Amino acid sequence: MRPPDMRPLCSTLVLLLLTAAGSALAAAPVSPELAARAEQEGSVRVIVRLDAPIAAPWATGAERRQVRHAITEVADRALARVGGALRPELRRYASLPLLALSVSPDELSALAGAAEVLAVEEDRPSFPSLTVSTPSVGADIATAAGYDGSGTTIVIVDTGVESSHPFLQGRVVAEACFSSGRDCPNGQKTQFGAGAAAPCSYGSLCWHGTHVAGIAAGRTTNADGVAPGASLIAIQAGSEMSGAGCGDAGSPCVVFFASDAIAAIDYVVTTLSGSHDVAAINMSFGGETTWSSEASCDASNAGYKTAIDAARAAGIASVAAAGNEAVSTGTAAPSCVSSAIAVGATSKFSNAIATLSNTGPPLDLVAPGLGITSSVLGGGYANGSGTSMAAPHVAGAIAALHQADPDASVSDLLGALVDTGLPLTDPDNGLSFPRIQVDDAVRARAPARCFDGLDNDSDGKIDVDGDGGVPDPQCTDGFDDIEAAQSGCGMGPELGLLLPLLGALRRARRTGNRRTDLTGNRRTGLTGNRRAS
């Protein structure tokens, strides 16, 4: 969506390279656990990373076709080693050098030894992991000042979204489904268009995507989500599972295979980003396995890494829940991927990191995730808890920031949230993580639009330069001497009176950041204790 500065400097070959690191000179690594499972069960679901390029986001149509042709050729050579492309469980990708399929032990070995294959990994399943929370992160102030995500779009990859819900009505602008279990509304693996992301109808968590969407961008006359001006794209990526694999979620349950989530990202980057200004993709799910470093996570989740890299290169943030295993040494995939934004959960009142939340070195941000009220199926509202609820707070914040500074990179927007966030320390590992503060982050990216969060002329609106009301004192369309000295705007006399109080309040918050004691459903990424409201 952003005009590339580098394009005139690059040759066609360079333009086409967000590419594999090099030719596969040795057998692609296969974990002993994956090989053993293939032998024991007779087949295993895998994602294959091919030695082929990825089209750069600024590539021309002809250049993209050239890359897709190259991917197809490499994929066909790899598939020829395992009997060809006529496989019922095969999933190809439009612009990513990946394949997803089920293979026998012999086929797994053949792919691992193929020159055109860089990596073979398990197609891991993941599980699904308000109005009161938005003021605690300053989203109500940013919204009142006009930074509500207008003109941007948030993608919800989840269990489907009830688009007719009053909190979301008229907001869903596109729908799709990717389900390896053939659980799309049409009974197939893939579906596009209106109704494609209708909520699933099996298990106890089919309300999850609707709840997440409301947190990110819901809007009614009485309450708002974080970015109530943003549009929504709903992608249903769940599959039905039965039996012991559902764990605490109960059988049947909904699971998200990595191959389907990757297909959703691929579709957003390749197709939807051309007609929608996509700010963020929200993925509120994760498995029970955690990774203590981004490097080890990237190595074990090459498919996710490839897809999330492509989204980030296109200016789209991939926001993911850290997981609810109460682990303080790492986060679940896909949140642990180095190019994703990993989000942990806090209480919405005490600014304490929630006991259920995974933390550790891959974690980027924390946001409210306990007892969050949002939309559920049937037009109602209920509370939900977990890192699943925290992630859409960040996706909404990214949308508001993208509206404030459309040319900023994902790294710039993440940096604004990190730099302006309230530091909270996890007592289990001594690490500090920023709790997002949306209004402060927006000020950091849009300093010429000054607001202090106050209604200076008593007209019922937050005053912003140029909004037609009485502006914030000392705040102009440019910086005056006082604003420049304060490294920002909205620093008029009335805010000067409040600064000592605000400083004392924040110091008090920092001293009271013990982790909130709340157990959760570790399988689902939710506590499962939603309560009608």
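Predicted model: local features only at pLDDT ≥ 70, side-chain atom pairs only at ≥ 80, totals over all residues.
A cavity is a set of points, on a 1 Å grid over the protein atoms alone, where a 1.4 Å probe fits but cannot get out. Its volume is the space filled by probe spheres set on the points, which are joined across faces, edges and corners. Residues are numbered from 1 along each chain as its sequence is written, and side-chain values use heavy atoms, with hydrogens and water left out.

**Largest cavity**

- The largest cavity holds about 110 Å³ of space.
- Its lining (residues with an atom within 4 Å of a point) comprises 15 residues, of which I54, A55, S95, V269 and A310 are the closest to the centre.
- Two or more lining residues come from each of α7 (258–270) and α9 (302–313); helices are DSSP runs of H or I with at least four residues, strands are runs of E with at least two, and both are numbered from the N terminus.
- The largest share, 4 residues, belongs to α7.
- The lining has 11 nonpolar residues (Ala, Val, Leu, Ile, Met, Phe, Trp, Tyr, Cys and Pro), 2 charged (Asp, Glu, Lys and Arg) and 2 polar (the others, Gly among them).

**Second largest cavity**

- About 70 Å³ of space lies in the second largest cavity.
- Its lining consists of R45, V46, E89, R91, A100, L101, S102, D123, S180, K189 and S259.
- The strands β1 (44–50) and β3 (98–103) are the elements that supply two or more of these residues, and β3 gives the largest share, 3 residues.

Conventions. 1 Å grid on protein atoms, 1.4 Å probe; cavity = no way out; pocket = protein on both sides within 12 Å on 5 of 7 lines; lining within 4 Å.
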